[in-house]
Amino acid sequence: MTPQIPDSIEQACFWLARRAPRGHTPLAGAREADVAVVGAGLTGLWTALFLKELDPALEVAVVEQGLAAHGASGRNAGMLSETVDHGHALAIEHFGEAEARRLARLGETNVAEMTAFLAERDIRCDYEPTGRLMVALTPAQVEEARRTVATAERLGLASFHLLDREAIQAEVHSPLYLGGVRVTGGGILDPVKLVDGLRGEAERRGVRVFERSRVAAVERAGAAARVGRSAGSSPTQPEASSRNGAAAASAVVRRGTPACSAGKCFVPRRTRTVTVVPWFTVLVTSMVPPCSFTSSCTSESPMPEPSAVRAFVVWPR
Ligand SMILES: Cc1cc2nc3c(=O)[nH]c(=O)nc-3n(C[C@H](O)[C@H](O)[C@H](O)COP(=O)(O)OP(=O)(O)OC[C@H]3O[C@@H](n4cnc5c(N)ncnc54)[C@H](O)[C@@H]3O)c2cc1C
């Protein structure tokens with residue numbers, strides 16, 4: 001018998017499938033706002049919320065093609081982590097040591113401010129301050145764990161701790177683990193509850209959120225912008241006119257790699273997330289494309305095979 005494959009991301013994604021059914025308001029008829037935001041993910045909702053807090057009189061509308069959290073914001077690993085650049089070594093590589101040190105501090109501040117925000121606004125997203133555990137499966141990964149801790153210490157962080165075989169096995173009793181790194185700070189949360197919490201908070205402050213309303217065109221309309229559900233929307237078609245616009249529709253809902261221009265393109269990294277309840281263990285396998293992409297790659301290019309596999313395990317203490 002062929003197993004039934006859910007035909008919708010709302011059924012297939014662990015977090016989205018747990019969300020209780022709820023009503024929504026689609027964009028119907030013509031609406032006006034000072035700012036129209038396309039996309040109700042973390043970026044869109046936070047943008048809307050902060051704009052409203054800066055100026056409560058501002059009329060802000062968010063237009064989302066699915067329900068809020070339809071994109072990456074509802075389909076991620078749910079890890080609240082203190083690294084801004086996926087790792088401090090990467091931050092040094094990308095921006096140099098002085099900037100990486102600043103980013104490391106910002107990352108820690110970010111976690112503190114975010115958790116304070118959740119508490120203040122009573123956003124219930126099952127946040128648990130678990131910290132993070134990275135496990136090493138090979139001697140090379142044990143070396144990498146050592147380098148990870150040394151790099152963090154060099155940047156002035158006291159939150160990274162090297163674990164030997166005995167210490168890691170006391171945490172997770174698997175003979176496969178040769179060592180690892182414990183990071184204190186950060187934790188796990190339910191990303192869909194986080195987005196819905198932000199949506200509720202934004203709506204309480206007067207932001208209008210229109211869902212199941214795909215934006216097909218953003219057009220100039222004099223000094224304003226028209227966010228239409230079809231190109232060249234007539235006044236009878238659903239549309240939102242705004243004096244300003246913000247695009248918060250990220251690339252994750254696109255299929256494949258965006259076409260390249262001028263020899264540059266965005267290459268999505270594959271990440272697989274396995275969530276196991278009731279222990280609430282999250283295992284993320286991160287795969288880094290080995291090849292460098294050239295201007296000849298197109299949106300139809302196949303994803304490369306993984307060159308490296310790493311495992312992270314996070315669970316409540
Ligand atoms: C597999 C995976 C795991 C991750 N794990 C983590 C993690 O553990 N911790 C962490 O901090 N980050 C993680 N991230 C990154 C994080 O999820 C993203 O950085 C973040 O969600 C981006 O938010 P966003 O609002 O910019 O984009 P999105 O959440 O993608 O929001 C864009 C929204 O725009 C909507 N949209 C798109 N086109 C249109 C249109 N034409 N009309 C109307 N609406 C439209 C989409 O439906 C979507 O809701 C992960 C990402 C992925 C993909």
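## A walk through the predicted model

Helices (H or I, at least four residues) and strands (E, at least two) are DSSP runs, numbered from the N terminus. The model is a predicted one, in which local features need pLDDT of at least 70 and side-chain atom pairs count only at pLDDT 80 or more, whereas totals for chains, interfaces and linings use all residues. Residues are numbered from 1 along each chain as its sequence is written.

The chain has eight helices and 14 strands, and buried residues make up 33% of its 317 residues. Two residues are in contact if their C-beta atoms, placed from the backbone, lie within 7 Å, and among contacts in the chain between residues at least 6 apart in sequence, 68% join residues at least 24 apart.

Next comes the pairing of strands, for which DSSP has to find at least two bridges between the two strands. Strand 1 and strand 2 run parallel and are joined by four bridges, and Val37 has Val62 in strand 2 as its bridge partner. Strand 2 also runs parallel to strand 8, with three bridges joining them, and here the bridge partner of Val62 is Val209 in strand 8. Together, strand 1, helix 3 and strand 2 make a right-handed β-α-β unit, where right-handed says that, with the strands pointing away from the viewer, the path from the first strand over the helix to the second runs clockwise. Within strand 2, Val60 and Val62 point one way while Ala61 and Val63 point the other way, and all of them are buried.

These elements lead to the interior. A nonpolar core is a set of buried Ala, Val, Leu, Ile, Met, Phe, Trp, Tyr and Cys residues joined through C-beta atoms within 7 Å. The largest such core has 34 residues, of which Leu45, Ala48, Val60, Val62, Val63 and Val195 touch the most other members. Strand 1 (30-38), helix 3 (42-54), strand 2 (60-63), helix 8 (191-204) and strand 8 (208-210) each supply at least two residues of this core. A second, separate core of 19 residues includes Leu103, Met134, Ala152 and Leu163. In soluble globular proteins, nonpolar side chains tend to be buried together.

Not counting residues up to four places away in sequence, Val60 touches Ala33, Asp34, Val35, Val37, Ala48, Leu51, Lys52 and Val207. Leu42, which has its place in helix 3, is buried because 21 other C-beta atoms lie within 10 Å. Leaving aside neighbours within four places in sequence, Leu42 is in contact with Ser73 and Val195, and the C-alpha atoms of Leu42 and Ala72, 30 residues apart along the chain, are separated by 8.8 Å.

The loops complete the tour. The loop between helix 5 (97-120) and strand 4 (132-136) holds Asp122, and Asp126 is found in the loop between helix 5 and strand 4 as well. Phi of Asp122 is near 55°, a positive value in a residue other than glycine, and Asp126 has a positive phi of about 55° although it is not a glycine. Asp122 counts as exposed because it has 9 C-beta neighbours inside 10 Å, whereas Asp126, with 13 other C-beta atoms within 10 Å, is partly exposed. Ala158 lies in the loop between helix 6 (139-154) and strand 5 (160-163), and Ala158 counts as exposed, with 10 C-beta neighbours inside 10 Å.

Technical notes: A residue is buried if 20 or more other C-beta atoms lie within 10 Å of its own, exposed if 12 or fewer, and partly exposed in between; C-beta atoms are placed from the backbone.
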